[in-house]
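Student: Could you help me learn to read a structure like this one? I would like to go through it feature by feature.

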Amino acid sequence: MNLDAEARGQLAEQLIWTAIDFVGLVKRNGGAEAVGEFLDDLGDDERDALPVILAAMVDDDRTPDEMLSWVTWDEHGCPLKQPRSVTPRYRTKVDCGTAGAYRRHLELGEEPDPACEQAAAAERERSQDRQRRRREACKADAA
Ligand SMILES: [Zn+2]
């Protein structure tokens with residue numbers, strides 16, 4: 001990858017949402033073909049950087065069993081005899097129409113509803129604005 005710092009930052013910012021979409025696809029068990037198509041649609045830089053973004057997003061304070069608690073089937077698609085010990089991540093219900101509820105839908109393998117999609121898009125927009133302002137402040141400090 002041959003990108004300057006600014007381009008890398010912008011790519012990373014975009015890829016957070018690509019990564020969230022990818023996680024949703026995998027957790028909805030979109031199938032190998034859909035996963036392949038998703039990855040094929042990415043540019044080379046995006047495909048190279050996606051594992052790094054995904055790694056950065058993993059909560060490694062959780063045990064592997066906790067991280068994989070959403071998996072309820074084995075490699076043959078059969079239900080697991082002994083479900084992994086589940087630490088419910090969403091003990092309380094997050095109201096729909098929020099970015100938190102959007103993430104909950106994805107975590108639970110549900111299709112997000114329009115209100116949650118809209119809230120997530122608004123959060124994404126705010127996050128990108130914050131990121132842009134931080135970059136500009138950093139550049140102004142450096143100048
Ligand atoms: Zn919702």
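Tutor: Gladly. Domain bounds here come from an automatic or database domain assignment. That assignment gives domain 1 (1-58) and domain 2 (89-143), and their centres, taken over C-alpha atoms, are separated by 17 Å. Bear in mind that this is a predicted model, in which local features need pLDDT of at least 70, side-chain atom pairs count only at pLDDT 80 or more, and totals for chains, interfaces and linings use all residues. Residues are numbered from 1 along each chain as its sequence is written, and side-chain values use heavy atoms, with hydrogens and water left out.

Student: What area is buried between domain 1 and domain 2?

Tutor: The size of an interface is often given as the accessible area lost when the parts come together. Here buried area is what two parts lose on being put together, summed over both (1.4 Å probe). Between domain 1 and domain 2 it is about 1100 Å², with 54% given by carbon and sulfur atoms. On the domain 1 side, Glu13, Trp17 and Arg28 supply 54% of the area buried against domain 2, more than any other three residues. Counting contacts (heavy atoms within 4.5 Å), 10 residues of domain 1 touch 13 residues of domain 2.

Student: How many salt bridges does the rule find across that interface?

Tutor: A salt bridge needs a side-chain nitrogen of Lys or Arg within 4 Å of a carboxyl oxygen of Asp or Glu. Across this interface the rule finds 0.

Student: Which residues coordinate the zinc ion?

Tutor: Donors are N, O and S atoms within 2.8 Å of the metal (3.2 Å for Na, K and Ca); water is not among the atoms, so sites may look incomplete. For the zinc ion they come from Cys96 (SG), His105 (NE2), Asp113 (OD) and Cys116 (SG), at 1.9 to 2.3 Å. Their spacing in sequence is C-x8-H-x7-D-x2-C.

Student: Why is the arrangement called tetrahedral?

Tutor: Four donors count as tetrahedral if all angles lie between 85 and 135 degrees. The 4 donor atoms around the zinc ion subtend angles of 95 to 119°, so the arrangement is tetrahedral.

Student: Is His105 buried or exposed?

Tutor: Buried means under 20% relative accessible area, exposed over 50%, and partly exposed in between (1.4 Å probe, protein chains only). His105 is buried, at 5%, whereas Asp113 is partly exposed, at 23%.

Key
Tetrahedral: all angles 85-135°; square planar, octahedral: opposite > 155°, others 65-115°.
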